[in-house]
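I opened my notebook and looked at one chain, piece by piece. Here is what I looked up, in the order I did it.

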Amino acid sequence: MQLHQPRLKINRAALKIDEAKHALGSTGIHRFVARTDAETGESFIRLRLFDVNDIVHVIVGEAAYQLRSALDVAAVALARANGAADVRRVAFPFAKTQSEFSNKGIQGKMNGLSQRVKDVIASFAPYRGGNELLHGLSDLCNTDKHNNLIGSIAEIGNVTAFHPSANFMDDMSIGAFAGRFASAMIDNGNRASDGLEFKLKPDDDDAEQIATMMTKKMRLRVGLLFSETDNLDGCEVFRTLSDMVGLVGSIIQKLEEAS
């Protein structure tokens with residue numbers, strides 16, 4: 001049986017991930033600023049990070065919802081195809097533990113499904129201690145009902161590219177400053193990136209001008225961490241969601257093969 005509607009939902013989730021990435025890139029979550037030491041008079045360029053725009057949180061929640069919904073819609077469609085007359089309580093079952101998954105209440109969500117379909121669902125172990133990524137999907141949807149899913153900017157990678165419209169000044173090479181910033185990042189190790197800075201040389205141009213140029217012309221790789229979830233805290237948002245898209249897609253394929 002082809003599960004067309006669940007696949008549409010999976011595709012929609014993938015589009016939402018791309019939309020969230022685009023929204024993140026357009027909200028201006030970082031800026032380089034100039035700082036002068038009051039005692040020494042030395043100038044520094046400092047990285048400042050800002051809170052993620054709330055629309056990114058909303059879009060991430062929408063992606064998680066579409067994936068979770070795809071599983072429920074698939075379960076209902078398969079129950080109907082198997083001849084079930086009442087599908088009001090049919091859903092893709094999730095549990096907190098393997099023991100709870102065997103409870104009558106959880107198993108009751110699969111009433112009307114064929115044994116082959118039930119076996120496929122059980123093989124994916126949708127509970128904590130089983131398939132953590134799958135259990136995490138349910139966790140995200142529950143969290144999104146009450147809290148923002150994204151807690152903080154997690155990762156600041158090295159400069160990955162220059163802005164395609166960059167028009168470098170003859171006397172100010174952004175490449176040199178990008179290299180110094182990358183070196184400062186390496187020296188910084190795993191410490192927080194907000195406030196990371198490097199010192200300017202005496203013969204460098206105006207610090208404010210350099211900071212403005214770096215903000216406009218440098219691209220940073222930015223990662224986001226989930227926070228205040230049940231078991232996905234510290235996981236990078238976009239990698240996790242992309243992995244969930246692949247996982248839900250594989251579940252739908254197995255369910256189609258079993259029906």
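**Helix α7.** I began with helix α7, residues 174-188. Helices here are DSSP runs of H or I with at least four residues, strands are runs of E with at least two, and both are numbered from the N terminus. Helix α7 has 15 residues and reaches 21 Å from its first C-alpha to its last. That is close to the 21 Å expected at 1.5 Å a residue. The expected span is 1.5 Å times one less than the number of residues.

I noted that this is a predicted model, where local features need pLDDT of at least 70 and side-chain atom pairs count only at pLDDT 80 or more, while totals for chains, interfaces and linings use all residues. Residues are numbered from 1 along each chain as its sequence is written, and side-chain values use heavy atoms, with hydrogens and water left out.

Next I asked which residues of α7 are buried. Buried means under 20% relative accessible area, exposed means over 50%, and partly exposed is in between (1.4 Å probe, protein chains only). The buried ones are Ile174, Phe177, Ala178, Arg180, Phe181, Ala182, Ala184, Met185 and Asn188. I kept a rule beside this: an α-helix has 3.6 residues a turn, so residues three or four places apart point the same way. After α7 comes Gly189, with a positive phi near 65°.

**The whole chain.** I stepped back and found nine helices and five strands. Along the sequence they run α-β-β-α-α-α-α-α-β-α-β-α-β-α. Of the 259 residues, 43% are buried. I also looked up contacts, meaning heavy atoms within 4.5 Å. Among contacts between residues at least 6 apart in sequence, 72% join residues at least 24 apart.

**The cores.** A nonpolar core is a set of buried Ala, Val, Leu, Ile, Met, Phe, Trp, Tyr and Cys residues joined through side-chain atoms within 4.5 Å. The largest one has 55 residues, and Leu71, Leu241 and Leu255 have the most contacts inside it. At least two residues of this core come from each of α1 (4-25), α2, α5, α6, β5 (218-226) and α9 (237-258). Helix α2 gives the largest share, 13 residues. Another core lies apart from it, with 19 residues, among them Ile174, Phe177, Met185 and Met214.

I then checked Leu71. Leaving aside neighbours within four places in sequence, Leu71 is in contact with Phe92, Phe94, Leu134, Leu137, Val248, Ile251 and Ile252. Arg68 is in helix α2, residues 54-81. Is Arg68 buried or exposed? Arg68 counts as buried, at 15% relative accessibility. Not counting residues up to four places away, Arg68 touches Phe92, Phe94, Leu137, Ser138 and Cys141.

**Aromatic pairs.** Rings of Phe, Tyr and Trp (its six-membered ring) pair if their centres lie within 6.5 Å; planes under 30 degrees apart count as stacked, over 60 as edge-to-face, and the rest as tilted. By this rule I have three aromatic pairs. One of them joins Phe92 and Phe94, which are tilted, 5.3 Å centre to centre with 50° between the planes. Phe92 is buried at 0% relative accessible area, and Phe94 is buried at 8%. Phe101 and Tyr127 also form a tilted pair, at 5.6 Å and 45°. This pair links distant parts of the chain, 26 residues apart: Phe101 is in helix α3 (residues 98-101), and Tyr127 is in the loop between α5 (115-123) and α6 (132-144).

**The loop with Ala125.** Ala125 is in the loop between α5 and α6. Its phi is positive, near 45°, in a residue other than glycine. Most residues other than glycine have a negative phi. Ala125 is buried, at 12% relative accessible area.

**Two polar contacts.** A polar contact is a pair of N or O atoms within 3.5 Å; within protein, one must be able to donate a hydrogen and the other to accept it, and residues adjacent in sequence count only if both atoms are side-chain atoms. Thr143 is in helix α6, and its side chain reaches the backbone oxygen of Asp139 at 2.8 Å. Asp233 lies in the loop between β5 and α9. Its side chain reaches the backbone nitrogen of Thr229 at 2.6 Å. Asp233 counts as partly exposed, at 44% relative accessibility.
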